[in-house]
Amino acid sequence: MTAALVPAAPQDIAELRQLYFEVYGHGYPVALGSDPAEMHRLITDPHCHWLTARRADTGELAGSAVVQTDRGNRVGKLVGLAVHPRHRQHGLAGRLTAAVTADALATGALDSIHTTVRMVTQAPQRVVARNGYRPLGLLPNAAEVSGCETLALFACYADGVLDRRAPVAAVPRALVPLLEAAGDSIGIPYAAVRPLGPGEPETAAAHHTKAGHHTKSAHRTTDRTPIEVITAPGFVRRRFGEVFPDPAGAYVPLRTPNTVLTPPDGAFEIYADLDPAAGSCALVAVHPCLSAATGALDSLTAALGRAGADYVEALVPLSDTAGLHAFLSAGFVPGAAYPAMRRIGDRFHDHVVLSRTDRQIDFRTTAVSTPLQPYLSAYLTAWTSTYLPRHEVDR
């Protein structure tokens, strides 16, 4: 089959919605495949890259792929990759991935593009890997598509970005298995990074902990700060814009908060992207700073659980040792690294994705490709160290 790749247009919206329905049924969790208003906004956004594939002979819509961009943070996200079941096995997914990624990077406005792929089969993992995306880790229980699913995180980079990473001298010991997996999978040199225990200063000497060795579980926080959950998307967006006016601010790129969580005294405000239908929530930003809220993370996750999210995700700078210790002590498990995610000056700073899920994790039906195997082992090591008593770990 010969297919032409052309930019999406507003008149394509009805066909695109039908395409996503044919591929995913009613379970597609992204608005760009189901919400006409959001689809129109993205198609007409000059900084969004949306390509469609049409049969050369009939003009039939055969596929779609999108790269959304956060120009302030110079980060993009590949989403909405879909090929109609009748047109698979022709390499169309790879062509769309390569073309839309190249278009986005060619603007010079992005330093990296990331994507999350389903793991019901290895095919999506192979498609992105063949087109320059590097495996960064796993997000267990992150999506509700056909049941509760684990996603894999991948990213590709503009030339020279990974060579300008800011060094990190020490990290919490629980992150060592993840960083070793990143070193094995994509060649990021983390061997010189020192592991630290809770409360241990970064200048203290520490012994390197191999991925196969388990350390004592981190002390769990017990703070019971009352948390109010405000789910008013319009108000939250306006308030977020007032508190974080800088488009290159220290918040999670490509996430629009729709919920704010705060104690009654207003000591802090945590902005979050809450999706009760998917049972998930991403923490977007904290005002005035992360340290103001670290003692209330257990209360936060409990409040989000009552609001319908039993998967909570946070993106934390690898250099923020105190913040990482706080999330780890609240039961968050490191699942993915994102090297060189954020540019500050002429250097790029590594981040880590940590998550906490209250649902049972079942990897038995997860198709883990070879490049992701080290991340699975690292996650299991970190989860075991967090949730099993030490005598069970050492047995």
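Residues are numbered from 1 along each chain as its sequence is written. In this predicted model, local features need pLDDT of at least 70 and side-chain atom pairs count only at pLDDT 80 or more, while totals for chains, interfaces and linings use all residues, and side-chain values rest on heavy atoms, with hydrogens and water left out.

The mean pLDDT (the predictor's confidence in each residue, from 0 to 100) of the protein chain is 89, and 91% of its residues reach 70 or more. Among the elements of the chain (helices being DSSP runs of H or I with at least four residues, strands runs of E with at least two, numbered from the N terminus), the highest mean pLDDT, 98, belongs to helix α3 (residues 92-106), and the lowest, 54, to helix α10 (residues 390-394). Over residues 204-221 the pLDDT is below 50, and this stretch has 46 contacts (heavy atoms within 4.5 Å) in the model beyond near neighbours in sequence.

A nonpolar core is here a set of buried Ala, Val, Leu, Ile, Met, Phe, Trp, Tyr and Cys residues joined through side-chain atoms within 4.5 Å, where buried means under 20% relative accessible area, exposed over 50%, and partly exposed in between, with a 1.4 Å probe and protein chains only. In soluble globular proteins, nonpolar side chains tend to be buried together. The largest such core of the model has 89 residues, and those with the most contacts inside it are L283 and L304. Strand β7 (residues 147-157) gives the most to this core, with seven residues. When residues up to four places away in sequence are not counted, L283 touches V252, I270, Y271, A272, L300, L304, V312, E313, A314 and F327. Another core, of 15 residues, lies apart from the largest one and includes L16, L32, V66 and A82.

One of the contacts of L283, F327, is also among the buried residues of helix α8, together with T321, G323, L324, H325, A326, L328 and S329. Eight of the nine residues of this helix (residues 321-329) are buried, so the helix is largely enclosed by the rest of the structure. Helix α8 is followed by G331, whose phi is positive, near 90°.

Buried positions also occur in other elements. T52, in strand β2 (residues 49-55), is buried, with a relative accessible area of 0%; not counting residues up to four places away in sequence, T52 touches A4, L5, V6, P7, A8, L16, L61, G63, S64 and L96. P177, in helix α5 (residues 176-186), is likewise buried, at a relative accessible area of 8%, and although P177 and Y379 are 202 residues apart along the chain, their C-alpha atoms are separated by 7.8 Å.

The structure holds two cavities of 30 Å³ or more. On a 1 Å grid over the protein atoms alone, a cavity is a set of points where a 1.4 Å probe fits but cannot get out, and lining residues have an atom within 4 Å of a point; grid points are joined across faces, edges and corners, and a volume is the space filled by probe spheres set on the points. About 30 Å³ of space lies in the second largest cavity, which is lined by T301, A309, D310, V312, R356 and D358. By class, this lining has two nonpolar, one polar and three charged residues (Ala, Val, Leu, Ile, Met, Phe, Trp, Tyr, Cys and Pro counting as nonpolar, Asp, Glu, Lys and Arg as charged, and the others, Gly among them, as polar). V312 of this lining is also touched by L283.

A cis peptide bond, with omega about 5°, joins H287 and P288, and P288 is placed in the loop between β13 (280-287) and α7 (297-306). R74, in the loop between β3 (61-70) and β4 (75-83), has a positive phi of about 55° although it is not a glycine, and is partly exposed, with a relative accessible area of 22%. L254 is also not a glycine and has a positive phi of about 60°; it lies in the loop between α6 (233-243) and β11 (259-262) and is partly exposed at 28%.

Note on methods
On a 1 Å grid over the protein atoms alone, a cavity is a set of points where a 1.4 Å probe fits but cannot get out, and a pocket is an open set with protein on both sides within 12 Å along at least five of seven lines; lining residues have an atom within 4 Å of a point.
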